[in-house]
Amino acid sequence: MPLNTGIKCIDEFLNNMQSLLKNILGIGIFSVITFISFTNRSELTKAVPVEESAYPIHKYDSIFYFNPHYLTSSFDFPVGKPDAENYYLASRFGNRNHLGEDWNGKGGGNTDLGDPVYVSGNGVVTLTEDICCGWGNVVRVVHKLEGHSEFDYLETVYAHLDKIYVHEGQLLLKGDQVGTIGTAHGAYTAHLHFEMRDFIDMSMGPGYSSDWEGYLDPSAFIRNNRQF
Ligand SMILES: [Zn+2]
């Protein structure tokens with residue numbers, strides 16, 4: 001009937017309005033909560049902005065920031081420290097596209113097998129590994145240079161080692177022993193293959209290449225940077 005229908009309609013209308021109000025109220029409360037948590041979050045972010053943080057971001061920067069004693073301001077030769085006494089260069093950097101240099105004891109042959117190998121400057125050990133294909137035991141060290149006019153970071157590589165005496169992450173002072181001269185498991189007469197790189201953390205590389213980018217002449221660099 002019309003009247004009943006009318007009442008029904010009003011009832012339905014009121015019910016609908018009620019649930020609409022509930023929904024609006026619900027959304028309102030949800031919005032307020034979201035707004036508060038968002039506001040809090042942005043306030044937290046604001047409290048410690050990354051750019052104003054006292055802590056550097058690069059992984060090596062952090063290591064040397066917290067261990068400034070291990071920044072380096074000088075380099076020495078890796079054998080017969082500090083001046084390579086009783087050793088000679090059997091193969092220089094660039095010789096037949098050699099990307100490093102080979103150090104031999106003056107006694108010749110395997111007389112230098114087991115002789116100490118020293119880290120060339122202060123730094124952090126980034127790799128100690130027995131690598132295949134002619135490399136043998138390898139130690140890699142990253143150096144952060146203090147006050148050098150050209151380089152911020154350098155890396156040195158010590159290869160064909162008989163023994164390794166350091167571990168990855170270890171901080172070293174110039175002249176600390178990293179291992180001993182070896183033969184890369186009998187692949188060669190004992191000698192140290194030594195590289196100096198101005199691109200750090202490259203792959204091990206081929207040892208020989210016509211592309212010298214990322215590599216320095218180790219002896220030339222050391223002679224010019226005994227102290228800087
Ligand atoms: Zn070599």
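Mentor: Two strands are said to pair if DSSP finds at least two bridges between them, and helices (H or I, at least four residues) and strands (E, at least two) are DSSP runs, numbered from the N terminus. This is a predicted model, in which local features need pLDDT of at least 70 and side-chain atom pairs count only at pLDDT 80 or more, while totals for chains, interfaces and linings use all residues. Residues are numbered from 1 along each chain as its sequence is written.

Trainee: How do you know that strand E2 and E9 pair?

Mentor: Strand E2 (residues 101-105) is joined to E9 by 3 bridges, and at least two are required, so the two strands pair, and they run antiparallel. Within this pairing, Asp102 has His193 of E9 as its bridge partner.

Trainee: What makes E6 and E10 partners of E9?

Mentor: The criterion of at least two bridges applies again. Strand E6 (residues 153-161) pairs with E9 in the antiparallel sense over 5 bridges, and there Glu155 has Arg197 as its bridge partner. Strand E10 (residues 215-216) is joined to E9 by 2 bridges, also antiparallel, and Leu216 in E10 stands opposite Met196.

Trainee: Why is Ala184 called buried rather than exposed?

Mentor: A residue is buried if 20 or more other C-beta atoms lie within 10 Å of its own, exposed if 12 or fewer, and partly exposed in between, with C-beta atoms placed from the backbone. Ala184 has 22 other C-beta atoms within 10 Å, and is therefore buried. Ala184 lies in the loop between strand E8 (177-180) and E9.

Trainee: What makes Asn86 partly exposed?

Mentor: Asn86 has 13 C-beta neighbours inside 10 Å, so it counts as partly exposed. Asn86 lies in the loop between H3 and strand E1 (87-91).

Trainee: How is strand E9 covered on its two faces?

Mentor: For strand E9 (residues 192-197), 6 of its 6 residues are buried. Leu192, Phe194 and Met196 are on one side, and His193, Glu195 and Arg197 on the other.

Trainee: What makes the backbone at Asn86, Ala184 and Pro82 worth a remark?

Mentor: Most residues other than glycine have a negative phi, and most peptide bonds are trans. Asn86, which is not a glycine, has a positive phi of about 70°, and Ala184, likewise other than glycine, has a positive phi near 55°. The peptide bond from Lys81 to Pro82 is cis, with omega near 0°, and Pro82 has its place in helix H3 (residues 80-84).
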